Amino acid sequence: MPLTLADLGWNDAFEAEFQPFYKKSWKPGRLIRDNKITYGALLDGGDELEVVMSGDVYHRAENDAALPAVGDWVAIDTGRAMDEPVIRERLSRQTCFSRKAPGKSSAEQVIAANADVVIVVTDADADFNLRRMERYIALTARSGSKLVVLVNKSDLFPAEQNEQAAEEIRQLSSDVEVHITTAINSEGVEVIRTYLKKGVTGTLVGSSGVGKSSLVNQLLGGEEWQITAEVNEVSGKGRHTTTARELMVLREGGILIDNPGIREVHMWTDEKTLREQFADIEALVMQCKFHDCKHGSDKGCAIRTAVEGGELDVERYESFLRLDEEIAKLSLRRKRGQMNIERRAKRDHRVKARNLADRVELGEDADPNNR
Ligand SMILES: Nc1nc2c(ncn2[C@@H]2O[C@H](COP(=O)(O)OP(=O)(O)OP(=O)(O)O)[C@@H](O)[C@H]2O)c(=O)[nH]1
Ligand SMILES: [Mg+2]
Ligand SMILES: [Zn+2]
């Protein structure tokens, strides 16, 4: 049976937003691959199409994060059978999982658009890191997606170690569902299927080598793997480091986006989300005797009392401080970036004004559009 739009994740809200575009004979498509210059898109019926972004879509994007990304629904103009099909519009994102782009910039980088479930993969050993997990939790809370964590490679470590790792992650947040899996057989992977019903999109994230692509391979299964040509190519790369994100449709229903390993999980969240995440600590801070309490040796410090009384985990408090600091730095960088843009805009105005003055002196047409 050919894939329907619903199989690809289409729903009533997208349908409503698309109404004006049907009138222009544009077609809905979901972006499955970003080839830099072109994108791969899946259309109703499951046909894959190579598409390019229209200049208009490019110019209307306020920043990189607003450009079409894997997982996005777009309006595609295939008209006049002349050149390449063109993306005319990007539909609003119902969820958006993003992080701060690596490096010094404060730009937002979209990891997956319209994912219903973010599946973080880790293991109970070398990759295990609760502080990093807290960042994933904060980022997912902001994205609007549900969070599932897989403690993978369970065949390599003692059962108690896997159990303990899973339990420690559960302790971080009541919103996260944690499962122990192995990607070398299909048993553990059945867990993912329970989330990925027809039309539901999951996105796999986590460090390089934790088994994201191996899980995909298991989900695709031996037989399907051969039948689904598009996917075959991807699954063949299973043992290698994934270099580009890719959206795949599972035969039993559900959609999965495989991502390259994430080296740094920088915060891209706001203060509000952070405060919610650490509401217990916020409440304690309110009880400190002095409003500028440094929570060190200060008199009447509620934080210190809670730590000493064993009510507050000191590591949890420290990671709250670290996240807090990171967000402060980020907003500072963003402010500076904004100032640079404004300065540049003013300079451009001055340059334009000067050019105009030169042209007028030379007797040229002052309106650049009439040249
Ligand atoms: N024993 C065991 N090995 C696993 C398991 N999952 C993955 N591996 C192995 O770990 C290695 C890395 O697996 P990948 O699936 O490529 O990891 P990845 O997360 O996709 O890595 P990147 O694409 O670099 O982000 C491969 O050699 C897999 O065979 C598992 O559950 N158990
Ligand atoms: Mg991979
Ligand atoms: Zn205090």
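**Close-up views of a predicted model**

**View 1. Buried residues of helix α3.** In α3, the buried residues are Met133, Glu134, Arg135, Tyr136, Ile137, Ala138, Leu139, Thr140, Arg142 and Ser143. Here, buried asks for 20 or more other C-beta atoms within 10 Å of a residue's own, exposed for 12 or fewer, and partly exposed is in between, with C-beta atoms placed from the backbone. Helices (H or I, at least four residues) and strands (E, at least two) are DSSP runs, numbered from the N terminus. Because 10 of its 14 residues are buried, α3 is largely enclosed by the rest of the structure. From first C-alpha to last, α3 reaches 20 Å, close to the 20 Å expected at 1.5 Å a residue; the expected span is 1.5 Å times one less than the number of residues. Gly144 follows α3 with a positive phi, near 90 degrees.

A quick note on reading these views: this is a predicted model, in which local features need pLDDT of at least 70 and side-chain atom pairs count only at pLDDT 80 or more, while totals for chains, interfaces and linings use all residues. Residues are numbered from 1 along each chain as its sequence is written, and chains are lettered from A and ligands numbered from 1 in the order in which they are written.

**View 2. Zooming in on Tyr136.** Tyr136 has its place in helix α3 (residues 130–143). It counts as buried because it has 25 C-beta neighbours inside 10 Å. Val205 is 69 residues away along the chain, yet the C-alpha atoms of Tyr136 and Val205 are separated by 9.3 Å.

**View 3. Helix α1, for contrast.** Among the 12 residues of α1, the count of buried residues is 0, so this helix is hardly covered. Its end C-alpha atoms are 17 Å apart, which agrees with the 16 Å that residues 12–23 should span at 1.5 Å a residue. Just after α1 comes Ser25, with a positive phi of about 65 degrees.

**View 4. Val149 in the nonpolar core.** The largest nonpolar core has 71 residues, and Ile119, Val149 and Leu256 have the most contacts inside it. Such a core is a set of buried Ala, Val, Leu, Ile, Met, Phe, Trp, Tyr and Cys residues joined through C-beta atoms within 7 Å. Beyond its neighbours within four places in sequence, Val149 is in contact (C-beta atoms, placed from the backbone, within 7 Å) with Val120, Thr122, Ile169, Val176 and Val178.

Methods
Two residues are in contact if their C-beta atoms, placed from the backbone, lie within 7 Å.
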